[in-house]
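Subject: Structure handed over, with findings

Dear colleague,

Please find the structure below, together with its sequence. My findings follow it, and I would be grateful if you would read them alongside the coordinates.

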Amino acid sequence: RRTGPRWAWLARLAILVAVAAAAIWLSRGEPRQVSGRAHVADGDTLHFETVRVRLIGIDAPEFDQQCGAGANRTPCGRLAREHLRRLIGSGPVTCEGDGNDRYGRLLATCAAGGVNLNRAMVRDGWAVASGDYLAEEDEARLARRGIWADTFDSPRQWRRDHPRGDEVATGGLAGNMIGWFEEALTRTVSWFRSLF
């Protein structure tokens, strides 16, 4: 029989992974489609009348995030939001997804005017790939488009360095770990589904 702190830690980790997997499995349902006019909250989040949507497979700078250094700092989070607004234009947006993140947002792929918004944000350099769109990220980085024109913290790192009060209060370390597992599992499931 194996005992000790290492095995206890591994057992806790296995339980945490199982709980996160169960949460993802239970939150998944039939694929959902949302369409209509969308309000752009930031470079990877849309709000419809009753549904909030997170563009899956990408991670855009946070709204208040700055890129560059010193006198060359730019409000890249605001610029990412403006770019997504331009991609959408004045027409309707259609989003299709089948899972939710830890904030209750539908994780979806969205399109407007025949343009895949997730892919376009990465290709145009206003979001980093987060499991999908790696070729588009390479293209943007080589062409020094958007945030790749200067230095920047990854959006994930920026969120760690600048936690919002509501995330700290409601999430804590355990909540953030579960949220990370949920999002990672959702991306993994989406990737496997794309193979078939």
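Why is the disulfide of C67 and C76 assigned its handedness? The torsion about the S-S bond of this pair is about 70 degrees, so the disulfide is right-handed. Please keep in mind throughout that the model is predicted.

Disulfides

The count of disulfides comes to 2. In the bond between C67 and C76, the sulfur atoms lie 2.0 Å apart. C67 has a relative accessible area of 3%, and because buried means under 20%, this cysteine is classed as buried. C76, with a relative accessible area of 1%, is buried as well.

The other disulfide joins C95 and C110, with 2.1 Å between the sulfur atoms. Its torsion about the S-S bond is about 115 degrees, so this disulfide is right-handed. The pair links distant parts of the chain: C95 belongs to strand β6 (residues 93–100) and C110 to strand β7 (residues 106–112), 15 residues apart. Both C95 and C110 are buried. With the bonded cysteines of the protein numbered in sequence order, the pairing reads 1-2, 3-4.

Overall architecture and confidence

The protein has 196 residues, of which 37% count as buried. Its secondary structure consists of 6 helices and 9 strands. Among the contacts with a separation of 6 or more, 58% are between residues 24 or more positions apart. The accessible surface of the protein comes to about 11,300 Å², and carbon and sulfur atoms account for 56% of this area.

As to confidence, the average pLDDT of the protein is 82, and 74% of the residues score at least 70. Over residues 167–175, however, the pLDDT is below 50; this stretch has 6 contacts in the model beyond near neighbours in sequence.

A nonpolar surface patch

W7, W9 and L10 form a nonpolar patch on the surface, and together they have about 320 Å² of accessible area. The relative accessibility of W9 is 52%; since exposed means over 50%, W9 counts as exposed.

Backbone torsions

Two residues deserve a note on their backbone torsions. As background, most residues other than glycine have a negative phi.

Y133 has a phi near 60 degrees, a positive value in a residue other than glycine. Its place in the chain is the loop between β9 (128–129) and α4 (134–143). Is Y133 buried or exposed? At 12% relative accessibility, Y133 counts as buried.

R144 also has a positive phi, near 55 degrees, and is likewise a residue other than glycine. R144 is found in the loop between α4 and α5, the latter helix covering 155–161.

In brief, the points for your attention are the disulfides C67 to C76 and C95 to C110, the surface patch of W7, W9 and L10, the positive phi values of Y133 and R144, and the stretch 167–175 with pLDDT below 50.

With kind regards

How values were computed:
Residues numbered from 1 in each chain as written. Predicted model: local features only at pLDDT ≥ 70, side-chain atom pairs only at ≥ 80, totals over all residues. Heavy atoms only, no water. Disulfide = S-S within 2.5 Å. Buried < 20%, exposed > 50% of the residue type's maximum accessible area, 1.4 Å probe, protein only. Helix = DSSP H or I, 4+ residues; strand = E, 2+ residues; numbered from the N terminus. Patch = residues over 30% accessible without salt bridge, like charges linked within 9 Å, V, L, I, M, F, W, Y side chains within 5 Å. Areas by Shrake-Rupley, 256 points an atom, 1.4 Å probe, with all protein chains shown as cover. Salt bridge = Lys/Arg side-chain N within 4 Å of Asp/Glu carboxyl O. pLDDT = per-residue confidence, 0-100. Contact = heavy atoms within 4.5 Å.
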